[in-house]
Amino acid sequence: MAYLTRIPAGRIFGFCSRSISSPIKNPFVSSTLSHVPSPKFTITAQFSSSPSPSSAETNTQVFSSSNRWRPMCLYYTQGKCTQMDDPSHLEKFNHDCSRDLQVNPALIEKKCSQDLDFLLVIDLEGKVEILEFPVLLMDAKSMRFVDFFHRFVRPTKMSELAVNRYIEGKYGEIGVDRVWHDTAQPFTEVIQQFEAWLSQHNLWEKEKGGCLTRAAFVTCGNWDLKTKVPQQCQVSGIKLPPYFREWVNLKDVYLNFYGREARGMMSMMKQLGIPSLGCHHLGIDDSKNIARVLQRMLADGALMQITAKRNPESQKVEFLFENRIEHPVRRRQA
Ligand SMILES: [Zn+2]
């Protein structure tokens, strides 16, 4: 990028229009199907002073003025964009997941050392069944974005009519219902692909018990891994994969590190002075926003530690932080 400037918050807040779904010639035949973007290590962000009392000058959102904020191409995020050679499509949709996740190199010296090497930010969507499975892989030590895994998920135990209504209600209003219908796959297939992706990044070995190595999931609340994934595994008739047995609830780390409560992603962002990008309740955009909160917390010196663990025998979840948000407002869904 040639030069950088801050985008006024007014252009970022509340941007939620995806009325033009990415048209696709044939969603299932694509030369880019297996394409995974290579890590982008260009560090270009600058930082402005922050309203947070915790530390100054750690905002993580600055974008090139020549590259205004654009919604992600949701075919691309799932390896199914067939229009990478169409300039008007590239102009409309972002095809670089790292764009909103760039950090200031000066911060890398300020942050504290981390025990974990990698953090997997996950923010599921779906109330009855999981509809979207987005994961962002972040380097815990450099705070950099490394890669992502994103799939829309097709419910298996709902009638077609119910699914259509469900999708229209949830994704129709933000213009992503078409891409959902074009790309959604059953949860069991998504999990298989996710495991291949984990293996590709050396984060997981089935033979060694199937837990994550050097990495942990980061969630905003306990709902995703305490409630939703086990429920979906039951519905889909599979065993809960061992790597889903522990996670870092960012809200608990936030409470203990800053000494103040944040009930959700939006309140963490508000308290830290980080403007939200994209559509709230679109999983890939929410994950990016959570990742930006995470980057900021790493930069401020917060140590990422496991906050919850599931006992493989009893299935009971043990919470490891004494000081935690006991009764979070029930998470928004669907
Ligand atoms: Zn595209």
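**View 1. The crossing of helices α9 and α10 is left-handed in this predicted model.** Left-handed here says that the near helix is turned anticlockwise from the far one by less than a right angle, and helices are DSSP runs of H or I with at least four residues, numbered from the N terminus. Helix α9 spans residues 265-272 and helix α10 spans residues 283-300, and the two pack with axes 10 Å apart at an angle of about 45 degrees, where axes are lines fitted to C-alpha atoms over the stretch in contact and angles run from 0 to 180 degrees between N-to-C directions. That angle makes α9 oblique to α10. The model is a predicted one, in which local features need pLDDT of at least 70, side-chain atom pairs count only at pLDDT 80 or more, and totals for chains, interfaces and linings use all residues. Residues are numbered from 1 along each chain as its sequence is written.

**View 2. Residues at the contact of α9 with α10.** From α9, Met265, Met268, Met269 and Leu272 meet Asp286, Asn289, Ile290, Val293 and Arg296 of α10, contact being C-beta atoms, placed from the backbone, within 7 Å. Of these residues, six are nonpolar, one is polar and two are charged.

**View 3. Helix α8 against α10.** The axes of α8 (residues 250-258) and α10 cross at roughly 30 degrees and come within 12 Å, and the two helices are therefore roughly parallel to each other, a term for angles under 35 degrees. This crossing of α8 and α10 is left-handed. Leu250, Val253, Tyr254 and Phe257 in α8 meet Ile290, Val293, Leu294 and Met297 in α10, a contact with eight nonpolar, no polar and no charged residues.

Definitions and conventions
Angles under 35 degrees count as roughly parallel, over 145 as roughly antiparallel, 65 to 115 as roughly perpendicular and the rest as oblique. Two residues are in contact if their C-beta atoms, placed from the backbone, lie within 7 Å. Ala, Val, Leu, Ile, Met, Phe, Trp, Tyr, Cys and Pro count as nonpolar, Asp, Glu, Lys and Arg as charged, and the others, Gly among them, as polar.
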